[in-house]
Every structure is written in structure tokens, then in C-alpha cells.
Amino acid sequence: MIEFESLEKGQVIGSHTVQVNRADLVRYAGASGDFNPIHWNERFAKEVELPSVIAHGMFTMGSVIELVSTWVGDPAAVIDYQTRFTKPVVVEDPEGSNPTDHEGTTISVEGKVGALDAEARTARIDLAVSANDSKVLLKCQAVVQL
């Protein structure tokens with residue numbers, strides 16, 4: 001577990017990447033019950049003026065918070081998490097015959113300590129999240145209780 005006293009505003013907590021392919025989106029649709037065709041049907045996605053199939057917002061958000069929960073050492077220490085969705089995570093069709101062989105789209109995440117509250121012993125972690133050379137989440141912040 002992270003010690004509150006060891007933290008400083010601006011301190012980088014780490015970074016990681018999340019690979020997402022269309023097979024991941026189909027599995028997530030089954031788990032979440034969100035079968036909107038924009039997440040698996042390229043023709044439909046383009047008909048509604050999206051560039052291609054896009055990842056579920058909650059899939060993206062859930063993938064991103066892993067950096068914080070791993071860093072803090074206890075997922076229950078995350079007491080608040082919020083973001084604004086700015087651009088969709090486009091997941092292109094894989095090349096070749098096996099869609100699970102394709103590495104897919106890379107979501108990049110970097111976390112920094114954005115604020116500290118000594119009285120409450122909480123730290124706000126600000127996350128920078130991008131995919132396909134664009135910021136996909138804005139004001140992505142998690143609060144951890146230490």
C-alpha cells in the first residue's frame with residue numbers, strides 16, 4: 001500500500017497501455033449486455049457516421065482505472081472515479097483471418113498525483129488517456145483513500 005506521506009503533487013504514479021481488439025469488444029458486450037452494433041458492426045457504425053467500430057465507453061473507463069488500482073495496491077481504495085468522454089476509441093478491423101491475433105488499438109494511460117488532502121488522507125490521481133493519437137478521456141480523475 002502507498003504511504004500518503006510519500007506523495008507529492010505532480011508525482012507520476014506510472015503508465016501503461018491497454019490493447020483492445022474487436023474480439024474484446026464482443027466479449028465485453030456479452031458481459032455488460034451492451035450489444036449496440038456500433039461496437040461490433042462496421043457497416044452500421046459507418047452508417048451512423050462513425051469512422052468505424054468504437055469501444056464501449058465503460059470498457060475504456062474500466063481499462064484505464066487498472067493503473068490506479070494496481071498502483072495503490074487495493075481496488076477498494078479507489079473511492080471516486082469520473083471522466084468526460086471526448087473522442088471514441090476506434091477499433092479497426094484486423095488484418096488476416098483470425099481477429100484475436102490482431103493487437104488492435106492501443107489505449108495509453110499515464111497517471112499523476114493531481115491533488116492531496118492531508119486531513120482526509122486522499123490523493124486525486126489525474127489520468128491522461130489517449131488512443132489513435134487523440135485524447136479520448138478528459139478530466140479523468142480518481143480519488144484514492146490512503
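# Exercises on a predicted model

In the hairpin of E4 and E5, Asn-132 has a positive phi near 50°, and 2 residues lie between the strands. The model is predicted.

**Exercise 1. Describe how strand E5 pairs with E4 and with E2.**

Step 1. Take E4, residues 122–131. E4 and E5 are antiparallel and share 9 bridges.
Step 2. Pick a bridge. Ala-123 has Val-144 as its partner in E5.
Step 3. Turn to E2, residues 78–85. This strand is joined to E5, residues 134–145, by 6 bridges. The two run antiparallel.
Step 4. Find a facing residue. Arg-84 stands opposite Leu-138 in E5.

**Exercise 2. Classify the aromatic pair of Tyr-28 and Phe-59, then say whether each residue is buried or partly exposed.**

Step 1. Count the pairs. The structure holds 1 aromatic pair.
Step 2. Check the geometry. Tyr-28 and Phe-59 lie 5.5 Å apart, centre to centre, with 80° between the planes. Planes over 60 degrees apart count as edge-to-face. The pair is therefore edge-to-face.
Step 3. Place the residues. Tyr-28 is in helix H1 (residues 22–32) and Phe-59 is in helix H3. They are 31 residues apart, so the pair links distant parts of the chain.
Step 4. Apply the burial cut-off: buried means under 20% relative accessible area. Phe-59 is at 12%, so it counts as buried. Tyr-28 is at 23%, so it counts as partly exposed.

**Exercise 3. Locate Ile-2 and list its contacts beyond four places in sequence.**

Step 1. Ile-2 is in the segment before strand E1 (12–20).
Step 2. Its relative accessible area is 21%, so Ile-2 is partly exposed.
Step 3. Leaving aside neighbours within four places, Ile-2 contacts Leu-7, Trp-71, Val-72 and Leu-146.
Step 4. Compare with Val-64. Ile-2 and Val-64 are 62 residues apart in sequence, and their C-alpha atoms are 19 Å apart.

**Exercise 4. Where is Gly-57, and how far is its C-alpha atom from that of Tyr-81?**

Step 1. Gly-57 is in helix H3, residues 57–64.
Step 2. Gly-57 has a relative accessible area of 28%, so this residue is partly exposed.
Step 3. Tyr-81 is 24 residues away along the chain, and 14 Å separates the two C-alpha atoms.

**Exercise 5. Describe the span that UniProt lists as "domain: MaoC-like".**

Step 1. The unreviewed UniProt entry gives residues 11–93.
Step 2. This span is 39% helix and 20% strand.
Step 3. The end C-alpha atoms of residues 11–93 lie 37 Å apart.

Key:
Residues are numbered from 1 along each chain as its sequence is written. This is a predicted model: local features need pLDDT of at least 70, side-chain atom pairs count only at pLDDT 80 or more; totals for chains, interfaces and linings use all residues. Side-chain values use heavy atoms; hydrogens and water are left out. UniProt positions are given in the numbering used here, feature names are shortened, and annotations may be inferred rather than shown by experiment. Buried means under 20% relative accessible area, exposed over 50%, partly exposed in between (1.4 Å probe, protein chains only). Contact means heavy atoms within 4.5 Å. Two strands pair if DSSP finds at least two bridges between them. Rings of Phe, Tyr and Trp (its six-membered ring) pair if their centres lie within 6.5 Å; planes under 30 degrees apart count as stacked, over 60 as edge-to-face and the rest as tilted.
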